[in-house]
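Please look over the sequence and the structure below before reading on. The report that follows goes through some contacts and the packing around them.

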Amino acid sequence: MRMTQAKHPARKSMPDSPATPAPRSAPPLTWTIERQFDFAAALAITCNVEQAAAAVGMTRQSAYALRKDPEKGEYFQMLWEMGTSKNP
């Protein structure tokens, strides 16, 4: 004898197609060493923090925040100064 869903209320119906996974959001961008170096190079060319940050896929605000960070920003601050120094 076959049981139907009516006789088994706890049994849930299965969808016709397999469930599709929820879309994964992109991982947040971080200030990698390579990105910091590229930012400094872009800053030297553009003399504009917003443009340099955008060139490496970051924001001006995140650049300033990293620069002020006493633990993570020491190397970045040095690169920033190199990027803004005027060499004769």
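## Contacts of Val49

Apart from its neighbours within four places in sequence, Val49 is in contact with Phe39, Leu43, Arg60, Ala63, Tyr64 and Trp80, where contact means heavy atoms within 4.5 Å. This is a predicted model, in which local features need pLDDT of at least 70 and side-chain atom pairs count only at pLDDT 80 or more, while totals for chains, interfaces and linings use all residues. Residues are numbered from 1 along each chain as its sequence is written, and side-chain values use heavy atoms, with hydrogens and water left out.

## The nonpolar core

Val49 is also among the residues with the most contacts inside the largest nonpolar core, which has 13 residues; such a core is a set of buried Ala, Val, Leu, Ile, Met, Phe, Trp, Tyr and Cys residues joined through side-chain atoms within 4.5 Å. Two or more residues of this core come from each of α1 (33-46), α2 (49-55), α3 (60-68) and α4 (74-84), the helices being DSSP runs (H or I, at least four residues) numbered from the N terminus.

## Arg67 in helix α3

Arg67, which lies in helix α3, is partly exposed, with a relative accessible area of 28%; buried means under 20%, exposed over 50%, and partly exposed in between (1.4 Å probe, protein chains only). Leaving aside neighbours within four places in sequence, Arg67 is in contact with Gly73, Phe76, Gln77 and Trp80. The C-alpha atoms of Arg67 and Trp80 are separated by 8.1 Å, although the two are 13 residues apart along the chain.
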